[in-house]
Amino acid sequence: MKGQFFKKQKKTGRMLPVRQITAGTLAVFLFAEAVLFFVFRPYTALAEEVSVKSESAILMEIESGTVIAEKNADEARPIASVTKIMTLLLIFEALDSGKIKLTDSVTVSEHAASMGGSQVYLEPYETQDVDTMIKCISIASANDASVAMAEHLAGSEAAFVELMNKRAKELGMENTTFLNCCGLDVEGHVSSARDVALMSRELMRHHSSVTKYTTTWMDTIIHTTKRGASEFGLSNTNKLIKQYSGITGLKTGSTDAAKYCLSATAERNGVKLVAVVLAAPDTKTRFREAAGLLDYGFAKCTVYKDNAADSMPSEVKVSQGQKDTVPVRLKEQFCYVFTGGEDLSAIEKTAEFYENIKAPLKAGDVVGEYSYHLNGKKLGSVPIICTEDVEKITFSSSFLRCKDLFLRQKETKQNGD
């Protein structure tokens with residue numbers, strides 16, 4: 001099937017066996033899916049539409065990072081205003097760290113006001129608060145607001161771009177080079193579908209408050225300049241906000257070099273997905289194909305989550321410590337995506353602790369591993385960590401423990417008499 005959208009499962013950052021779906025099974029499934037969704041959705045995942053026309057695409061489950069399907073996902077290409085996902089990520093990280101506040105005033109420079117393309121026509125020396133700037137970036141894809149925020153955070157757009165590239169490397173975005181913060185066409189300013197999914201995932205996992213902005217269809221801002229105050233309307237460039245059930249964002253982009261791009265995020269029944277489409281031939285295609293990928297993912301995915309709260313020992317023995325035991329828990333919640341209708345009740349869990357765990361221990365030290373298996377296959381594991389410090393026993397602490405034990409035994413005996 002020429003142009004067929006290749007489907008495979010793999011864990012981001014890990015090599016897993018590729019699982020191919022037979023053409024017959026896929027055709028039957030997609031036909032049934034098309035019938036179910038056609039009545040409810042303007043953009044329907046019909047069988048032929050799985051063959052994505054866009055040059056690159058990827059579908060990823062957000063919590064686990066599992067890639068459900070992809071096409072040319074590692075090809076570096078222009079991504080236009082989808083670049084602003086990284087700009088937003090750095091803004092929200094600065095908010096969470098306390099470096100900036102939503103109420104902080106941002107002054108627009110002449111450089112920021114000179115940006116072309118999508119803009120909200122900020123004027124030199126105009127001031128807006130951070131909250132308003134985020135609205136302009138998220139809803140109207142404003143280049144001028146993006147540059148103003150970059151300068152506010154880093155002193156200059158160039159310095160901010162250095163932070164963008166540094167963060168990209170930390171996220172494992174191997175095919176990305178940022179040269180500006182807004183996505184205007186510059187030779188060498190590129191990313192890939194996988195890299196866009198990675199930064200989209202990071203933003204949606206750790207800064208979900210961004211959805212307050214990315215799901216707003218229309219809003220207004222007030223320009224206050226020497227000429228007085230005037231209202232300016234904002235309209236969301238992501239048409240799926242009005243057309244797709246469960247949509248949470250995220251960002252569109254289009255230039256002559258990039259064509260039509262979209263990173264679309266959505267959530268249904270606890271399943272969170274991101275569908276990235278790059279270099280679509282027209283704007284309708286990018287929305288239709290992103291919606292089709294999301295439909296496919298929601299129909300196929302079951303997300304299994306577990307924190308072992310009811311199935312793991314609450315503490316473990318410690319030797320040579322001032323305490324005999326230490327409380328333990330999983331370092332993080334285990335998450336796995338199934339796409340084959342597996343019986344999740346058959347999942348087996350095993351806690352394995354290190355032999356002879358010795359003090360001293362610090363809260364957060366790894367003391368074992370909690371593993372998950374299904375039908376003989378290991379799905380993955382999560383480190384088990386201790387939640388309290390345990391100091392190493394000393395002569396004085398040993399003496400005090402013996403004294404305390406003696407006094408308690410004596411008190412018990414007296415109470416018994």
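**Notes on the predicted model**

1. Asn375 is placed in the loop between E16 and strand E17 (377-386), where helices (H or I, at least four residues) and strands (E, at least two) are DSSP runs numbered from the N terminus. Its phi is near 55 degrees, a positive value in a residue other than glycine, and Asn375 is exposed, with a relative accessible area of 73%; buried means under 20% relative accessible area, exposed over 50%, and partly exposed in between (1.4 Å probe, protein chains only).

2. As to the basis of these remarks, this is a predicted model in which local features need pLDDT of at least 70 and side-chain atom pairs count only at pLDDT 80 or more, while totals for chains, interfaces and linings use all residues. Residues are numbered from 1 along each chain as its sequence is written, and side-chain values use heavy atoms, with hydrogens and water left out.

3. Asn72, which lies in the loop between strand E3 (66-71) and H2, likewise has a positive phi, of about 45 degrees, although it is not a glycine. Asn72 is partly exposed, with a relative accessible area of 35%.

4. Two cis peptide bonds deserve a look. One runs from Gly249 to Leu250, with omega near 20 degrees, and Leu250 lies in strand E8 (residues 247-255). The other runs from Ala359 to Pro360, with omega near 5 degrees, and Pro360 is found in the loop between strand E15 (348-353) and strand E16 (366-374).

5. Overall, the protein has eleven helices and 17 strands, and 49% of its 417 residues count as buried. Of the contacts (heavy atoms within 4.5 Å) with a separation of 6 or more, 65% join residues 24 or more positions apart.

6. The axes of helix H2 (residues 84-97) and helix H7 (residues 193-206) come within 10 Å and cross at roughly 30 degrees; axes are lines fitted to C-alpha atoms, for helices over the stretch in contact, and angles run from 0 to 180 degrees between N-to-C directions. H2 and H7 are therefore roughly parallel to each other, given that angles under 35 degrees count as roughly parallel, over 145 as roughly antiparallel, 65 to 115 as roughly perpendicular and the rest as oblique. Residues of H2 including Met86, Leu89 and Phe92 meet residues of H7 including Val196, Met199 and Leu203.

7. H4 and H5 pack at an angle of about 140 degrees with their axes 8 Å apart, which makes H4 oblique to H5. Val130, Met133, Cys136 and Ile137 in H4 meet Ala145, Ser146, Ala148 and Met149 in H5.
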